[in-house]
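Please keep the sequence and the model at hand while reading.

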Amino acid sequence: MDKVYQSASLALKDIVADGQMIGVGGFGLCGIPEALIAALRDSGVKNLTCVSNNAGVDGFGLGQLLTTRQIRKMIASYVGENKEFERQYLAGELEVEFTPQGTLAEKLRAGGAGIPAFFTRTGVGTLIAEGKEIREFDGHNYVMERSLVPDVSLVKAYIADRSGNLVFRKTARNFNPNVAMAGKITVVEVEKIVETGELDPDQVHLPGIYVHRIVLNENPEKRIEQRTVRQA
C-alpha cells in the first residue's frame, strides 16, 4: 500500500479539525515535522490540544500555532525557550498541563500499546499528583497516569518506504516513535522515500503499521535552538 501524499497540506486536508488532540514529535527544534506543522497552521483549525515535549520557539515549530492562537491547551514537559508561550500562560490565555518528561514519553508509548493507564513514582507528593489516584506497591506510593492517544500525530523521520516503515536519524529519534505509535492517524514527514522492500528489516525503527500517510520534505530548515561553539 502506497502511503505517500504529494504535499503536507494534502496529507492533512481531510483529517484535521477544530478541537482535536494533536501529537507532535521532536525535542526542542530537533526532529520536528516542520512542513506538517506549517500545513497545520495554514489549515486554520483551532482550539487544539497539542501534546509535545515543548512548543518550539517564537515563530518556529509549534510556536507558529501559538502566534496564530490555534492552540487552546499544551500538554508538555518544557516551555523555557518560548516567550509567547510564557506570556499566554501567565495571562491565562493558554491552558498548560505540565508533565514530567519520562511520564510524557510513557503516556504516549502506553497509548500506542493499548494500555489505558499506568502507575509511576514520579510526581508523588507534588502538584502533579493532585486529583489522581495514589496506590501503594512494595512500600512505595505511585500515582496513576492516563495514557495519551492523539487524534492525529505529526512525526519526523529520516527515511520511509512507501509502506511506512521508518528509519529515524540519531537524536531526531527522540519522542517521534512514541508519538507515531500513539496517534489514531499518524502522518510522517521524511527526507527520503525508498521503495517497499529496500530497507533492511533489521534497520527499521518503527514498522509501517503505525503510519498512515507520508510526506516528502527533502530540505528541511533544521534550525539550531542554542548554537554553542568553541573559541577559535
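The text below goes from the whole chain to the sheet and then to the rings.

This is a predicted model, in which local features need pLDDT of at least 70 and side-chain atom pairs count only at pLDDT 80 or more, while totals for chains, interfaces and linings use all residues. Residues are numbered from 1 along each chain as its sequence is written, and side-chain values use heavy atoms, with hydrogens and water left out.

**Whole chain**

The protein chain has 6 helices and 14 strands; these are DSSP runs numbered from the N terminus (helices H or I, at least four residues; strands E, at least two). Of the 232 residues, 48% count as buried; buried means under 20% relative accessible area, exposed over 50%, and partly exposed in between (1.4 Å probe, protein chains only).

Eight strands form an open sheet with parallel pairing, in the order 1-14-12-9-2-3-4-5. Two strands pair if DSSP finds at least two bridges between them. Strand 1 (4-5) and strand 5 (95-98) are the edge strands, each pairing on one side only. Strand 1 is joined to strand 14 (residues 213-216) by 2 bridges in the parallel sense, and Tyr-5 has Val-215 of strand 14 as its bridge partner.

**Aromatic rings**

Rings of Phe, Tyr and Trp (its six-membered ring) pair if their centres lie within 6.5 Å; planes under 30 degrees apart count as stacked, over 60 as edge-to-face and the rest as tilted. By this rule there are 4 aromatic pairs, including the two tabulated here.

| Pair | Centre to centre | Angle between planes | Type |
|---|---|---|---|
| Phe-27 and Phe-175 | 6.5 Å | 25° | stacked |
| Phe-137 and Tyr-142 | 5.5 Å | 85° | edge-to-face |

Phe-27 lies in the loop between strand 2 (21-24) and helix 2 (34-43), and Phe-175 in the loop between strand 11 (166-167) and helix 6 (176-182), so their pair ties together parts that are 148 residues apart in sequence. Phe-27 is partly exposed at 39% relative accessibility, whereas Phe-175 is buried at 7%. Phe-137 is partly exposed, at 32%, and ring pairs link Phe-119, Phe-137 and Tyr-142 into a cluster.

**Charges over rings**

A charge sits over a ring if NZ of Lys or CZ of Arg is within 6 Å of the ring centre and within 35 degrees of the ring normal. The charged end of Arg-223 sits over the ring of Phe-60, 4.0 Å from its centre. For Arg-169 over the ring of Tyr-158, the distance to the centre is 5.8 Å.
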